[in-house]
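Subject: Structure handover

Hello,

Here is the structure I said I would pass on. My notes on salt bridges and cavities follow below.

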Amino acid sequence: MTLHEARYEERLRADAPLLDAYLRTLEADGAPFTIPGHKRNPSMGRVVAGDVPLYGGLDSVSLAGGTLLEAERRAAVLWGADVARFSVGGSTHGNQALALAVGRPGDAVVVPRTLHRSLLLGLVLAGLDPVWLPTRVDTATGLPLGCRAADVERCLRERPDVVAVFVGDPTYVGTVGELERTAAVVHAHGVPLLVDAAWGAHFGFHPALPPHALRAGADALVTSAHKMLTGYSQAALVLARTGRIDPERLALGFEAGNTTSPAGAVLASTDAARALLELDGPALLGAVVGLVAAARARLGEVDGLAVLGSVEPTKLVLGLAGTGADGVAVGRDLREAGVEVEMAERDWLVPIVSLADTPATVDRLVTALVEAVGRRAGAPRETAVAASWSVRPDIVLSPREAFFAAATTVTAREAVGRVCAELVAPYPPGVPVLAPGERVTAEAVESLQRAAAAGTRIAYAADPTIATLRVVA
């Protein structure tokens, strides 16, 4: 079954109160005297046509109808959580809400150094001090492995003052860790386990997939409804069990970064994604697993192209080093052919196959990939470990201290040995190579400059060319 084999809107609205309210608002002949100011005036065109607010749109301004609460209740039931919150700020907002919920300024938390930039900035907002988990890298591929329980155990023995453990699972490239064993270790030390599962909203809903984090024993997870599910961009969920997490602190942390004018389309799409997962999730996910398996088989016939089989079964991760092709150039070729992929760096390509794909769309991807790789093929090379996965931080100040410290801009060469005052991350994957409070190394600068020169977007830096860097004055 695929999404294209059935019209879902009417089927879902019966089980999705926010979606139903959204569609009723669009269908009504109303005269709104609330914000947004465009009031969906037809003269503004399609860009505002579907913009319905929560307040005075999906519900009354006083939220008397309780549609959001009911939608969140249904999500909590589906994931087996005590609390579910719908975010219109993506997993970025969710990660930062959890950081604000579990500690106080100066508290220590275990965090992987391959964390997304959103969680690092969550540490800044909450004033938490990171105890870095070591990054395990697959020696054959140079890609990050999932979290190991033994590494968490070691951190907790060395730092008994830790108040929470954060992990990311699955990783950006689809590797998974030992969540059940990690949860047991973390709970034996009396603290909560929190999981950034931005790329794992589909976990737990098909037998070929790993269980979702709560089922594996975690206390909270953040996940994106717009990545592997069908939500609107920025749609995310925070799901928690409250045995080890204070629900009032969680509510305060969530509202601290939540907008007071949430977009109804984002909320309604989250509700619809939950309803779709509940209605036909196993069948639809089974189709995705089949599409990815077929694509892996075809691409595995390309000489030198590495097709990873050690990642979760809906993930397509392609290594180009054996082909000699430059992934950045292949990515440009694909874009010119109308095929955009999630990540294209020198050695690796990551196209996302989702519930919305069909055999025809995946065939178009595979055909374009084979042509582009063939066009760019050259002498095979060794796979290099990307800077995002090879960081070994030398911590001088806490992220918060460095973020608020007086800073100055110097040349990249002059920055080596100084304390970084900004966050610098190739994107994707959005993992910081330099973070506030860490000593700048020559290796980090060189890797960032190489990536920028190759066409990789360097995000969040004041100077994306990395000719200069901001350092603590």
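Which side chain meets that of E255 in a salt bridge? The partner is R85, with an N to O distance of 2.6 Å. The pair links distant parts of the chain, since E255 sits in helix α9 (residues 247-256) and R85 in strand β1 (residues 83-87), 170 residues apart. E255 is partly exposed at 41% relative accessibility, whereas R85 is buried at 18%. Please keep in mind that this is a predicted model.

The count of salt bridges comes to 28. Two others lie within helices:

- E10 and R13 form a salt bridge at 3.3 Å, N to O. They are 3 residues apart in helix α1 (residues 9-13), so about one helical turn separates them. R13 is buried, with a relative accessible area of 12%.
- D20 and R24 form a salt bridge at 3.0 Å, N to O. They are 4 residues apart in helix α2 (residues 17-27), so about one helical turn separates them. R24 is partly exposed, at 45% relative accessibility.

On the cavities: a search of the whole structure gives 2 of 30 Å³ or more.

Regards

How values were computed. Residues are numbered from 1 along each chain as its sequence is written. This is a predicted model: local features need pLDDT of at least 70, side-chain atom pairs count only at pLDDT 80 or more; totals for chains, interfaces and linings use all residues. Side-chain values use heavy atoms; hydrogens and water are left out. On a 1 Å grid over the protein atoms alone, a cavity is a set of points where a 1.4 Å probe fits but cannot get out, and a pocket is an open set with protein on both sides within 12 Å along at least five of seven lines; lining residues have an atom within 4 Å of a point. Grid points are joined across faces, edges and corners, and a volume is the space filled by probe spheres set on the points. A salt bridge is a side-chain nitrogen of Lys or Arg within 4 Å of a carboxyl oxygen of Asp or Glu. Buried means under 20% relative accessible area, exposed over 50%, partly exposed in between (1.4 Å probe, protein chains only).
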